[in-house]
Amino acid sequence: MSSSPVSTSLPAQPYGRQPLRTVQVLGDGAGAGSCAHVRSLATGLAARGVRVTVCAPVQAEGEYDFTGAGAQFAPDAVSVLRAACAGADVVHAHGVRAGMRAALAIRGRRVPLVVSWHGDGPAAAGALGRLSRMLERHVARAAAVVLGASSDLVDLARLRGARDARLSPVAVPPCPEGPDGRGAADPGKVRAELGAVGRPLLITVGSLVPHRGYSLLLDAAREWRALDPAPLLVIAGEGPLRAGLSRRIEAEGLPVRLLGRRRDAAQLLAAADLAVLPSRREARALLAQEALRVGVPLVATAVGGVPELVGEGAVLVPPGDAAALASAVTGLLADPERRAALAVAGRVQAATWPSEDDTVAQVLSVYDELMERARR
């Protein structure tokens, strides 16, 4: 991440009025998309004269360098969060769990709470699902405004009792590009390091957790073993399912590599022939955004906010259908013209998404609206 200083040419504050003070809250388990969004948001807000404090796990600060974006960083300990929120004009939490922590931190204070739902859609059934729905209800009702990253999340927030829920598609920084527009690293070198010379390279990126659909992906990978040459699937991410996935890959002789958590996921993606998103639930998937931006054809499950996000720029298959997923990938690998058309369509679709400046402007307008309400 860049750590260049924020421009000192900040907009003047109205006479006698202090700069707006915001606290951005990220909780444990915040995904890469949420962290990248907060980093982008902090950069844009600070450049507009807003005082930004980011309360997040220390690991997130190490990876995303919020201080380099012009924000003040505070660890996410309860006492630290409460102290930070005490001096805020607006508290903005990212994710339902972060929203719950923020709501508790400002309890008894007249500080408006904004909660961005970057989440993965409705929770599963059972006790965990009931607990998640209860948490969603509490956060939705505590927030002055809920910003949903996709239309289905706006609908969900309203269903859970949100007083004000709005669509707010978040923008994330684009992948670094080289002369060919597909990433700064040499794709040939990346493929050689992964062992994908002379064979197709497939990639997916995301934490190794159940809703990502990796069991389904391994089911599909069994079908790809019959192809000549057999494609290599690489999975960049870490999580609790790693041991089980690894055992299955070895036992079934699947052409799959688990790469663990990677800082160069954008370069890996840019070197791939196809990206695959097999999730059971998604809102505004980071992998989908990055794949379409750099022109890597995408096969994804039609869940949550994915169809709205990708439009005609990807091949969509039903969730939970390994045969359909395997067939879509096989068909694209055999059809270079279709892959080329998808690469173009993906970039066209990506051009319709809001820019980082658009996202910052929308969020700042929400803050201004809340401040105007408070002054009445």
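Two strands count as paired if DSSP finds at least two bridges between them, and strands themselves (E, at least two residues) are, like helices (H or I, at least four), DSSP runs numbered from the N terminus.

Before you start, note that this is a predicted model, where local features need pLDDT of at least 70, side-chain atom pairs count only at pLDDT 80 or more, and totals for chains, interfaces and linings use all residues. Residues are numbered from 1 along each chain as its sequence is written, and side-chain values use heavy atoms, leaving out hydrogens and water.

**Stop 1: the six-stranded sheet.** Select the strands in the order E10-E9-E8-E11-E12-E13, and you have an open sheet of six strands with parallel pairing. At its edges are E10 (256-260) and E13 (315-317), each pairing on one side only. Now zoom in on E8 (residues 201-205) and E9 (residues 232-236): five bridges pair them in the parallel sense. Which residue in E9 is the bridge partner of Leu201? Click on Leu232 to see that partner.

**Stop 2: another strand pair.** Next, select E2 (residues 51-56) and E3 (residues 72-75), parallel strands joined by four bridges. Follow the chain from E2 through helix H2 (residues 58-64) to E3 for a right-handed β-α-β crossover (with the strands pointing away from the viewer, the path from the first strand over the helix to the second runs clockwise).

**Stop 3: helix H5.** Finally, select residues 127-142, which make up helix H5, and find Met134 there. Is Met134 buried, exposed or partly exposed? Its relative accessible area is 48%, so Met134 is partly exposed (between buried, under 20%, and exposed, over 50%, with a 1.4 Å probe and protein chains only).
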